[in-house]
Amino acid sequence: MRLDLVIKYSTLLTLGLLSSSVIAAEDTLISSTPIEESKTMIRVGGFYSNSNSSMDVTDPLRGDNFKLDFEEDLNLEESQFLPFFEVQYQFNSKHSIYFDWKQLHRNAEVKKLTVPFQVTLDNQIYDIQAGGRLETTLNIDIARLGYKYNFYQGNNYNLGLSLGLHTMFIKTAFDGDIGVCIEGESIQQCGATATPKFVDEEVTAPLPDIGLYGDYEFVPGFTFNAHAQYFYIKLDDVEGSLIDVKAGIEAAITENWHMSAAFNYYKVDVDFKHNITQVDSNVADYNLYYSFIGPMLSVSYRF
């Protein structure tokens, strides 16, 4: 499923209107905390990713499907420091909306590929043989927009529910010694037609997620916070899931400036089915798996 840049950004604006409409509901069950002034928080930082990523491809000789490992087989960096950004607007002590973005960009080059494979994109089989040069790019950007509601509050703690939408922008590119398989060709003839590069850019529709979060100020100026979020969707030719679990400590440097250190586990699994009808049915659907686990550091400003 392909979407252009206009759809990419218009979906995010649509989600903003969706999140704002939820704020009308006010639960009077618990809070004895007084209403606070509106606050905006901007957070920037980075996370040290220990990555594991793969995609489903086909063995060109045996016709068997197998999982191609981007780190082991294609030399993409397993450990890398990557950026993230977050902005949150808090209406009062209970209601807030947020937007965050993570960038997971990597590329690498293999001089002599040891694992041959085939992959099918847009009803075309691309053949990468052993011994050739291959440059690989794997870029995943994840944008999230959502709403938070603190349903349980005390003097030094909050518990809440989050509802949001994710959109994933995925770019996979292979550049090097690549053959194109024409319909009706045998495996031996497959690499006869050469092409220098192919790029596949996929954009998922906005995917819903639900989560729980909490924070606890155990001493003045130091707060423990954690969240767990999950989504799963199966829509048309896309099936995807995401798990996001994070826990850490935030320290108040001044009234406006805060620093935080956290540990994060993140997993994305997306399956694109290309409805192949005219090419070899042995070629696997395009499945992309990405996960990372590691520390996060950030600084935030509130005003």
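Which residues does T136 touch, not counting residues up to four places away in sequence? The list is F70, L74, L76, R106, N107, A108, A173 and F174. Before going further, please keep in mind that this is a predicted model.

T136 sits in strand β7, which covers residues 134-153. Its relative accessibility is 0%, so T136 counts as buried, the cut-off for that being under 20%. One of the residues on the list, F70, is 66 residues from T136 in sequence, yet their C-alpha atoms are 8.5 Å apart in space.

Now the whole chain. The protein has one helix and 14 strands. It has 303 residues, of which 47% count as buried. Take the contacts between residues at least 6 apart in sequence: 70% of these join residues at least 24 apart. The protein exposes about 15,100 Å², and carbon and sulfur atoms supply 57% of that area.

Next, the inside. The largest nonpolar core contains 37 residues. L74, L104, F117, L134, I142, M168 and F174 have the most contacts inside this core. Strand β8, residues 157-181, gives the most to the core, with five residues. L74 was also on the list for T136. Leaving out residues up to four places away in sequence, L74 itself touches L68, D69, A108, V110, L113, F117, L134, T136 and F174.

Is S162 buried or exposed? With a relative accessible area of 2%, S162 is buried. The side chain of S162 makes a polar contact of 3.0 Å with the side chain of Q229. Beyond its neighbours within four places in sequence, S162 is in contact with several residues, among them Y98, Y147, D209 and Y213.

On to charges. How many salt bridges are there? The count comes to eight. In one of them, E86 pairs with R43, with the closest N and O atoms 3.4 Å apart. E86 lies in strand β3 (residues 79-90) and R43 in strand β1, so this pair ties together parts that are 43 residues apart in sequence. E86 counts as buried at 11% relative accessibility, and R43 does too at 10%.

A second salt bridge joins the side chains of E71 and R106, at 2.8 Å from N to O. E71 is in the loop between β2 and β3, while R106 is in strand β4, 35 residues away. E71 is buried at 10% relative accessibility, and R106 is buried at 3%.

Last, the surface. I42, V44, I253, W257, M259, Y301 and F303 make a nonpolar surface patch of about 670 Å². Strands β1 and β13 are the elements that give two or more residues to this patch. M259 is in strand β13, and is partly exposed because its relative accessible area is 47%, between the cut-offs of 20% and 50%. In soluble globular proteins, nonpolar side chains tend to be buried together.

Conventions
Residues numbered from 1 in each chain as written. Predicted model: local features only at pLDDT ≥ 70, side-chain atom pairs only at ≥ 80, totals over all residues. Heavy atoms only, no water. Patch = residues over 30% accessible without salt bridge, like charges linked within 9 Å, V, L, I, M, F, W, Y side chains within 5 Å. Areas by Shrake-Rupley, 256 points an atom, 1.4 Å probe, with all protein chains shown as cover. Salt bridge = Lys/Arg side-chain N within 4 Å of Asp/Glu carboxyl O. Helix = DSSP H or I, 4+ residues; strand = E, 2+ residues; numbered from the N terminus. Buried < 20%, exposed > 50% of the residue type's maximum accessible area, 1.4 Å probe, protein only. Core = buried A, V, L, I, M, F, W, Y, C linked by side-chain atoms within 4.5 Å. Contact = heavy atoms within 4.5 Å. Polar contact = N/O pair within 3.5 Å; in protein donor to acceptor, adjacent residues only side chain to side chain.
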